[in-house]
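Subject: Structure handover

Hello,

Here is the structure I said I would pass on. My notes on it come below.

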Amino acid sequence: MAQQEKLLTVQAAAGQRIEEVFRALETEAKGLTAAEASGRLAQWGPNSIRSHHANAWSVLARQLKNPILLLLFVTAGVSLFFGDVGNSIVIGVILLLSVGLGFYNDYRAERAAEDLHSRVSHRATVLRDGAACDIDVVNIVVGDVVRVGLGAVVPADLRLITATNLQCDESILTGESLPSEKDPAAVAATDLAEQTSCLFMGTVVQAGTGEGVVIATGTRTVFGDIAVGLGTRQPETDFQRGLRRFSFFLLQVALGLTTLVFVANLLLQRPLLDSLLFSLAIAIGMTPQLLPAVVSTGLAAGSSRLARKRVLVKRLAAIEDLGDMNVLVTDKTGTLTEGHIDFVRAVSFSVGTPGGLSEAEIIRLGMLASEADYAHSGNQQAGLSVLDAALWSSLDAQKLLPLAATRLGLIPFDHDRRRTTVLVRDSPGDGVIISKGAPEDVFTVCTDLTPGQRAAVDEQFSFGARVIAVATRHVSPQTQMLYPVDEAGLTLQGILVFHDPPKLSAKKSLARLAALGVTVKIATGDNHLVAEKVFADLGLTATGTLLGRDIDALDDDALTAAAEESNIFARVSPEQKARIIRLLRKDGRAVGFLGDGVNDALALHAADVGISVHTAVDVAKDAADVVLLDKDLDVLATGVNEGRRIFANTMKYVLMGTSGDFGNMFSAAIGSVVLNFLPMLPGQILLNDLLYDSSQLAIPGDNVDPEQLHRPSHWNIQFIRRFMFAFGPLSSIFDFATFALMLFVFHAGESEFQAGWFMESLATETLIIFAVRTRRVPFFKSRPSAGLTAAVFGIVAIGCYLPYSPLAGVLGFSPVPAPFFLALVGMTVLYLLIVETLKKRFFRRKIPVVQPRHRGRATRVARRASRFSVGAPVKWLEPTNAQK
Ligand SMILES: Nc1ncnc2c1ncn2[C@@H]1O[C@H](COP(=O)(O)OP(=O)(O)OP(=O)(O)O)[C@@H](O)[C@H]1O
Ligand SMILES: [Mg+2]
């Protein structure tokens, strides 16, 4: 996207009065018209900083970026004119096929990522034609008026018009973890952190609400600039980085070796071009071409498998994060409980005393202390919170309708105060303040609480009930307004008891997660006794409870220690949930958070992998990386499983490549020096490599042994290096034995030798997958997938057929006689048996401890940036007045 001139810099906008900003942007407080907005979108382009368009040309360019490959192409071209025409054509054709194979694989993965992205949309509320509507964030234009609330990601750079208690977490831009207070008043400041009258794209609303006018979109925003600076491709995951370093290591070894081979061949006075072709072919054979794409191919296959299991991932890398997860913090309602909340009964603390309230009167007070429309039945009211909806739709409540009362003032529920307070005129000449909410939080505004009342509440909690306290205070009939200071001196009148039974089906899923090595913790806004009861009902042991009111007093170190130990966090506010998650992520733990409420959005952003559900509120779904179509821990366990499966399969690819393939190329190099002919022709080496690569395409679909899924998957380079040094040399020893057998026992000629070794090396390097894919006894104790079995045996069959095929002549093979062939089969079987024995010993040694994960700033920026992504070419203009 062309860097267009900014209409207004953030700094200028921050310092101007809002009217001046409107004038400069040619907009007004009620936003743009739909027509004007689409005009601006066409002119300025979408609000995006990424493109998830799969570009075939760039994928192709990536295949050709390998310098050895290019050198080989050139050498083959030269040899076409000066050397062996047939040979160079064979080389050229096989090289093209290899490139095609790599391209096919890579492009398919990119297409899968594109599909994934185009199914996900992130939305924001803007004013169009004067009305609030939800649009895709990429369609936001300069001059739009945007509304934001708790947990929302700011969708563009904004100059505030109004703000209520607004705070933003700007750590993604400034690194500052404390939220910054926002206010529409103009400020002259050069420093971003001080430009309090502006909100920045990519930051997260930590508290309050606000409305602002868009001053910059896409790459013209502060965040866009940073994100583009960090590169537009997804940053590598730890695993990919590990793979890349490892490939680079192999490449260095290959280059060193090929140079030696080349020099040695020249010293042996072999023809220059032939030696060069041979050395380059060896280098190609040693470097794992499919490696860069193998992770994305695996992830792409995984994402569609997960979609079938009703798990949607928004970014491919999120699957890997799922597999990494070793701590899951979850909310309670709907995950560990059924999520159907029923009103059970009311308890009056004054019943029976003179002038005391009846249970029905407690229910009535509870109904009054809400945002509901008093005249209507509960079933006809949209937007009631679950608890209010349960109360209003209960039979007891229906009898009391309609409520003849007028609400004069309201302090709505929020997750920090955890209560709703109203000022009501109930009968003429009477005024009453009613507070309704979490008992602990209602108690703080009450006087004259008795120990009996507290005990009654705790008793209900310990049954696992949801309890809401109701308190009142009469005020003079003249009182017309309600202020927060009025929430004091109330009298506790009674409690409302609700029931939400534990979800017994969660037991099985919890056991599954435990088997996967995932520790489950609960973070709830509810009381700790309730959480403990649910835990006990589901057969979990509480290892410690941490209460919201104690958390703020703890410093980070103390809280980290407490959070590690406890598995119940009760009465926690949204910020506290997020803080706990952030602290738990230290020490390399990968923390997942599952939640579906507005109060969960901050924690979803803070987690390594935010998980939400299809039915969640928009901000929660928007904040999540993974969306479950059913709120069910079982599908989540499936997701974790899938993430680890992909890792395990990628590992097989690496182990296969480091054992047989590398060893074979090493032997070929040595062979060329000690033999008086080439052990394989360059074209044959490339063909061998192509067949080998093709056999690996089936690995992502392979079965994985359960024990490989028991713990989070981590890249461990030492392990691979050790594996390579154990199995690589073994392969070479066998190759040399095969050489000796063919030369001294069978007195093979050049092309016979080449055909023989071609078959043997292909068989050993591909069949070894059956040994390295499992720690168990292959086939008997661990069955490979049908696809892999077919692919590997198919490739071996093709390899054995080639010397007898019409192509044999072109490829420089001549058929080997039967006894010779049998000896090769024998050698192969013996080799595999020894690998199997060595494997047992290898795996008996303890595998080194996992390395701590590392997710740097680039990863966080990319994750945030992925929501501002378009699939080019840009072809849509939103249907505009999609009124909410
Ligand atoms: N509409 C309401 N009016 C008054 N109090 C409420 C209302 N809704 C919730 N509460 C109180 O606030 C507490 C916290 O609610 P909140 O929705 O934050 O819990 P949560 O963290 O989402 O819980 P869970 O983990 O069960 O999903 C509730 O336990 C209840 O006591
Ligand atoms: Mg909730």
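The notes cover the ligand site, a sheet, and the segments listed in UniProt. Please keep in mind that this is a predicted model.

Ligand site. Ligand 1 is surrounded by 21 residues, and the closest are Asp331, Thr333, Ala438, Thr524 and Gly525. By type, the shell around ligand 1 has nine polar, eight charged and four nonpolar residues. Domain 3 (329-338 + 505-627) and domain 4 (342-499) each give at least three residues to this shell. At least two shell residues come from each of helix H14 (386-392), strand S13 (419-425), strand S14 (431-437) and strand S15 (466-475).

Sheet. S13, S14 and S15 also belong to an open, antiparallel sheet of six strands, ordered S11-S16-S15-S14-S13-S12. Strand S11 (342-348) and strand S12 (406-411) are at the edges; each has a single partner strand, so one side of each lacks a neighbour in the sheet. From one strand to the next, the twist averages 25 degrees. Seven bridges join S15 to strand S16 (residues 491-499) in the antiparallel sense, and isoleucine 468 stands opposite leucine 496 in S16.

UniProt segments. The unreviewed UniProt entry lists residues 67-83, 89-107, 248-268, 280-301, 723-749, 755-773, 785-804 and 816-835 under "transmembrane region". In the model, residues 248-268 are 95% helix and 0% strand, with the end C-alpha atoms 30 Å apart. Residues 785-804 are 80% helix and 0% strand, and their end C-alpha atoms are 30 Å apart.

Regards

Methods: Residues are numbered from 1 along each chain as its sequence is written. Chains are lettered from A and ligands numbered from 1 in the order in which they are written. This is a predicted model: local features need pLDDT of at least 70, side-chain atom pairs count only at pLDDT 80 or more; totals for chains, interfaces and linings use all residues. A residue is near a molecule or strand if its C-beta atom, placed from the backbone, lies within 6 Å of it. Helices (H or I, at least four residues) and strands (E, at least two) are DSSP runs, numbered from the N terminus. Ala, Val, Leu, Ile, Met, Phe, Trp, Tyr, Cys and Pro count as nonpolar, Asp, Glu, Lys and Arg as charged, and the others, Gly among them, as polar. Domain bounds come from an automatic or database domain assignment. UniProt positions are given in the numbering used here, feature names are shortened, and annotations may be inferred rather than shown by experiment. Two strands pair if DSSP finds at least two bridges between them. Axes are lines fitted to C-alpha atoms, for helices over the stretch in contact, and angles run from 0 to 180 degrees between N-to-C directions.
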